[in-house]
Amino acid sequence: MSDINSMTNEQPLVDTDECPSLLIVDDDHVFCDVLTKAMTKRGFSVTCAYDIEQALAFASNSTSEYAIIDLKLANESGLVLVEKLKILDPGTRIVMLTGYASIATAVEAIKLGATHYLAKPVDADEIMTAFERTAGDTETPISANPLSVGRLEWEYIHRILAENDNNISVTARILNMHRRTLQRKLAKRPHRE
């Protein structure tokens with residue numbers, strides 16, 4: 001009987017009060033669960049949110065030292081959340097993740113205060129490395145090949161979209177493109193190089 005009581009009263013192996021706090025924001029519940037387990041094993045006290053509203057509710061009660069934010073949260077942009085989290089706590093180290101990587105969104109994420117920007121698929125060790133990086137790397141290799149036409153189109157569309165605060169209707173008008181055509185192009189993954 002005493003063994004059962006000692007097991008139920010047993011303290012966790014890691015004191016979560018002493019762990020750095022991490023907010024994960026992604027609308028993919030399975031990805032959140034997997035990443036939560038991986039980051040908890042790496043010593044973080046993790047809170048998960050599945051949209052911007054929920055993330056801001058958590059952040060307004062207690063800011064996190066670290067955050068992992070997906071760029072595309074249903075019909076919302078994670079860039080909005082990067083900006084708002086940095087206003088709440090300028091010291092929060094933010095890594096932005098995306099399956100829809102583009103130069104335009106990477107630049108905007110960094111301008112808004114993200115520490116790093118990573119394209120999915122990504123693992124927890126890559127995220128840990130991104131959190132630790134505090135400076136640029138002058139040794140980053142320069143590609144020998146120019147971007148493909150498909151990739152250039154993708155980059156251009158995303159740059160115009162970012163310049164217009166992610167307003168699809170305005171972007172479609174500027175690009176002289178039907179709104180539904182633009183939405184189909186935005187739903188596709190970028191061309192791989």
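The structure is a predicted model, in which local features need pLDDT of at least 70 and side-chain atom pairs count only at pLDDT 80 or more, while totals for chains, interfaces and linings use all residues. Residues are numbered from 1 along each chain as its sequence is written, and side-chain values use heavy atoms, with hydrogens and water left out.

The protein chain holds 9 helices and 7 strands; helices (H or I, at least four residues) and strands (E, at least two) are DSSP runs numbered from the N terminus. Of the 193 residues in the protein chain, 37% are buried, where buried means under 20% relative accessible area, exposed over 50%, and partly exposed in between (1.4 Å probe, protein chains only). The accessible surface of the protein chain is about 12000 Å², and carbon and sulfur atoms contribute 53% of that surface. Accessible areas come from the Shrake-Rupley method with a 1.4 Å probe, and for residues only the protein chains shown count as cover. Among contacts in the protein chain with a separation of 6 or more, 64% are between residues 24 or more positions apart; contact means heavy atoms within 4.5 Å.

Two helix pairs were examined. Helix α2 (residues 29-41) packs against helix α6 (residues 124-132) at an angle of about 60 degrees, and their axes are 10 Å apart. Axes are lines fitted to C-alpha atoms, for helices over the stretch in contact, and angles run from 0 to 180 degrees between N-to-C directions. At this angle α2 and α6 are oblique to each other, given that angles under 35 degrees count as roughly parallel, over 145 as roughly antiparallel, 65 to 115 as roughly perpendicular and the rest as oblique. On the α2 side, L35, A38 and M39 take part, and they meet A124, I127, M128 and F131 in α6. The residues of this contact of α2 with α6 comprise 7 nonpolar, no polar and no charged. Here Ala, Val, Leu, Ile, Met, Phe, Trp, Tyr, Cys and Pro count as nonpolar, Asp, Glu, Lys and Arg as charged, and the others, Gly among them, as polar.

In the second pair, the axes of helix α3 (residues 52-61) and helix α4 (residues 78-88) cross at roughly 10 degrees and come within 11 Å. Helices α3 and α4 are therefore roughly parallel to each other. Residues I52, A55, L56, A59 and S60 of α3 meet V80, L81, K84, L85 and L88 of α4. This contact of α3 with α4 is made up of 8 nonpolar residues, 1 polar and 1 charged.

Strand β1 (residues 21-25) includes L23, and L22 is also found in strand β1. L23 is buried, with a relative accessible area of 2%, and L22 is buried at 0%. Leaving aside neighbours within four places in sequence, L23 is in contact with residues including A55, F58, A67 and L85. The C-alpha atoms of L23 and A67 are 4.6 Å apart, although these residues are 44 apart in sequence. Between L22 and I94, 72 residues apart along the chain, the C-alpha separation is 9.5 Å.

Residue T171 lies in helix α8 (residues 168-174). T171 is buried, with a relative accessible area of 0%. Beyond neighbours within four places in sequence, T171 is in contact with I157, I160, L161, N164 and L182.
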